[in-house]
Amino acid sequence: MDEPELTIIIPTLNEEENIDKLCKLIHGYLPETNIIVVDDGSTDSTQEIVLQMDSHVKLIDRSSENIHGLSISIRDGVLNCKTKWFMVIDGDLQHPPESLLDALKCFNKGAELVIGYRIKVEDWPFPRKMISWGAQLLGNIALLLRRKNRPKDIMSGFFGAETSIVRTLIQDNKIQYEGYKFLFDLLKILPRSVKIEQFGYIFKNREFGTSKIGNKQMWEYFKSLFK
Ligand SMILES: Nc1nc2c(ncn2[C@@H]2O[C@H](COP(=O)(O)OP(=O)(O)O)[C@@H](O)[C@H]2O)c(=O)[nH]1
Ligand SMILES: [Mg+2]
């Protein structure tokens, strides 16, 4: 079998109930694919579980870093990625791992940026739906004013790209890391000519563990609209 050209990056914070199942599902669909789990200092056994997995799963332990967060964790994942493409997926099984096959098809079609968009969100409460709608609207306006691409879900956490493109932007210090929406910060700087492919997926309910998104993350996103 040829070496897989895709690496899966999973940012985690206290996902002990989900991480083992997720990695096994990924390897069921994409055998031998490298997985990088970027853990930001989980206080549960997430790290111990990952360390016991096979050699295709690597742990980046960010617990002693000064700056924590989703975006900066994704940055570390990309910098450690050795394949042509990478794909980021949440560690809580809300992104269906089978959709990684759709992502791979997009890359094989020549995409430089691949974005999963939510065709349905299972059970979000009304306030969360409103916040998401408002954030999408403001983000779209911000991208429109910058004359940038506006794909279907500009805030998707289920996305990937050609590694060399994003690595160059990271090394040139072009990306902001305070936020938690790496994709949005990427869209703000990528040229319009970048080749984007999108696939739809159903955003599932979180069965175990809790969401870490709160007021701090929303405020960071709001500030990132103007930067
Ligand atoms: N490395 C890292 N992962 C995080 C952080 N915050 C959340 N995550 C992970 O990012 C993914 C999405 O987070 P989640 O809280 O489920 O966000 P939600 O689905 O939007 O409610 C999950 O895998 C989390 O464990 C963080 O600060 N650092
Ligand atoms: Mg989640």
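**Ligand sites and burial in a predicted model**

Me: Which of the 19 residues around ligand 1 come nearest?

Reply: Glu15, Asp40, Gly91, Ser211 and Lys212 come nearest, out of 19 residues around ligand 1. A residue counts as near if one of its heavy atoms lies within 4 Å of the molecule. This is a predicted model, in which local features need pLDDT of at least 70 and side-chain atom pairs count only at pLDDT 80 or more, while totals for chains, interfaces and linings use all residues. Residues are numbered from 1 along each chain as its sequence is written, chains are lettered from A and ligands numbered from 1 in the order in which they are written, and side-chain values use heavy atoms, with hydrogens and water left out.

Me: What makes the approach of aspartate 92 to ligand 1 a polar contact?

Reply: A polar side-chain atom of aspartate 92 is 2.7 Å from an oxygen atom of ligand 1. A polar contact is a pair of N or O atoms within 3.5 Å (within protein, one must be able to donate a hydrogen and the other to accept it, and residues adjacent in sequence count only if both atoms are side-chain atoms), so the pair qualifies.

Me: Why are Asp92 and Gln94 called donors of the magnesium ion?

Reply: Asp92 (OD) and Gln94 (OE1) lie 1.9 to 2.0 Å from the magnesium ion, ligand 2. Donors are N, O and S atoms within 2.8 Å of the metal (3.2 Å for Na, K and Ca), so both belong; water is not among the atoms, so the site may look incomplete. Aspartate 92 and glutamine 94 are both buried.

Me: Why is serine 224 called buried?

Reply: Its relative accessibility is 5%. Buried means under 20% relative accessible area, exposed over 50% and partly exposed in between (1.4 Å probe, protein chains only), so serine 224 is buried. Serine 224 lies in helix α8 (residues 215–224); helices (H or I, at least four residues) and strands (E, at least two) are DSSP runs, numbered from the N terminus. Leaving aside neighbours within four places in sequence, serine 224 has contacts (heavy atoms within 4.5 Å) with Arg146, Gln176, Phe184, Asp185 and Lys188.

Me: Is glycine 28 buried or exposed, and what makes it so?

Reply: Glycine 28 has a relative accessible area of 58%, so it is exposed. Glycine 28 is in helix α1, and its C-alpha atom is 9.4 Å from that of proline 97, although 69 residues separate them along the chain.

Me: How do you know that the buried residues of α1 line one face?

Reply: In α1 (residues 19–29), Ile19, Leu22, Cys23, Ile26 and His27 are buried. Seen down the axis, these fall within an arc of 130° (taken from the directions from the helix axis to the C-beta atoms), so they line one face. Lys24 and Gly28, on the other side, are exposed. The buried residues pack against β1 (6–12), β2 (34–39), α2 (46–51), β3 (57–61) and α4 (100–108).

Me: What makes α3 largely enclosed?

Reply: Of its 10 residues, 7 are buried, so the rest of the structure largely encloses α3. The buried residues are Ser71, Ile72, Ser73, Ile74, Asp76, Gly77 and Val78.
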